[in-house]
Amino acid sequence: ARPSPTTSSHLCAVLEQLKIPSVYGNHEEWSEEGRLFLSPPGMPNQLTPEAVAWLESLPFRLRIRAAATPATIGVVHSFEDWTYVKQDSVERLSAIEDCQVVFCGHTHKPAIWTLARGKQPKVRRLNPRSAKGVEVKLDPHTQYVVDAGSLARPSFGRALHEERATYAVFDMAAGTLALRAVDLTPRLQAMLRRMTERPPDTSSG
């Protein structure tokens with residue numbers, strides 16, 4: 001039987017079917033034997049065996065090379081011990097990943113860190129309530145760490161903004177990195193609903 005369209009297992013099935021590149025994160029690590037570390041009230045907290053197998057197959061990091069940009073791109077959830085990327089650790093993450101642009105998450109706090117050689121890291125943070133977003137023009141001699149925030153629970157300071165969602169954009173043609181925020185309703189909810197209502201194709205394999 002297919003998992004319900006509102007469950008985490010179904011989302012895993014959709015991501016797998018659509019071949020959406022994904023990385024292994026702290027909740028995958030902490031959800032032992034497929035029992036979700038956190039789950040919505042009233043929803044199943046046990047993943048299907050298929051979802052567990054897919055999550056266990058995810059890489060810890062991704063490396064992306066695109067003809068449209070000379071930049072090397074890395075994607076990673078955070079550090080291997082799941083500590084947060086902060087002012088005193090962002091240079092270490094950049095050095096570990098060894099890419100000009102590193103996308104990460106975990107903190108739920110959207111930010112773009114600029115790491116110019118010989119200078120202290122600078123950060124531009126996105127308030128999820130902002131309609132303008134944050135944009136940075138790439139310098140070929142500078143490295144960047146981009147924390148995309150969260151689709152479900154972005155934060156700014158100590159405040160959670162559960163009515164908003166944040167995401168990151170790399171415009172390779174323009175050579176810019178950006179953070180954007182949108183209302184969870186109705187636009188993003190409609191997009192997610194269309195995605196999750198599409199039943200995974202289980203007829204093959």
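Me: In this predicted model, which strands form the open sheet, and in what order do they stand?

Reply: The open sheet is formed by 3 strands in the order E6-E11-E10, and their pairing is antiparallel. Neighbouring strands of this sheet are turned by 15° against each other on average, with direction ignored.

Me: What makes E6 and E10 edge strands of this sheet?

Reply: Strand E6 (134–137) and strand E10 (164–171) each have a single partner strand, so one side of each is left without a neighbour in the sheet.

Me: How do you know that E6 and E11 are paired?

Reply: Two strands pair if at least two bridges are found between them, and 4 bridges join E6 to strand E11 (residues 176–183), the two running antiparallel. Within this pairing, valine 134 stands opposite leucine 179 in E11.

Me: Why is the pair of tyrosine 24 and tryptophan 82 called tilted?

Reply: Planes under 30 degrees apart count as stacked and over 60 as edge-to-face, the rest being tilted; the planes of tyrosine 24 and tryptophan 82 stand at 45°, with the ring centres 6.4 Å apart, so the pair is tilted. Tyrosine 24 lies in the loop between helix H1 (8–17) and helix H2 (26–30), and tryptophan 82 in the loop between strand E2 (73–76) and helix H4 (90–97), 58 residues apart. Ring pairs also link Tyr24, Phe60 and Trp82 into a cluster.

Me: Why does tyrosine 24 count as buried, and what of tryptophan 82?

Reply: Buried means under 20% relative accessible area; tyrosine 24, at 18%, therefore counts as buried, and tryptophan 82, at 12%, is likewise buried.

Me: What makes phenylalanine 103 and phenylalanine 170 a tilted pair, and which parts does the pair tie together?

Reply: Their ring centres are 6.5 Å apart and their planes stand at 40°, so the pair is tilted. Phenylalanine 103 lies in strand E3 (residues 101–104) and phenylalanine 170 in strand E10, so the pair ties together parts that are 67 residues apart in sequence. Both phenylalanine 103 and phenylalanine 170 are buried.

Me: How do you know that the buried residues of H4 line one face of the helix?

Reply: The buried residues in H4 are Val90, Leu93, Ser94 and Glu97. Seen down the axis of H4, these buried residues fall within an arc of 100°, so they line one face of the helix. They pack against strand E1 (61–64), E2, E3, strand E4 (111–116) and strand E7 (142–147).

Technical notes
Residues are numbered from 1 along each chain as its sequence is written. This is a predicted model: local features need pLDDT of at least 70, side-chain atom pairs count only at pLDDT 80 or more; totals for chains, interfaces and linings use all residues. Side-chain values use heavy atoms; hydrogens and water are left out. Axes are lines fitted to C-alpha atoms, for helices over the stretch in contact, and angles run from 0 to 180 degrees between N-to-C directions. Rings of Phe, Tyr and Trp (its six-membered ring) pair if their centres lie within 6.5 Å; planes under 30 degrees apart count as stacked, over 60 as edge-to-face and the rest as tilted. Buried means under 20% relative accessible area, exposed over 50%, partly exposed in between (1.4 Å probe, protein chains only). The arc is that of the directions from the helix axis to the C-beta atoms. Contact means heavy atoms within 4.5 Å.
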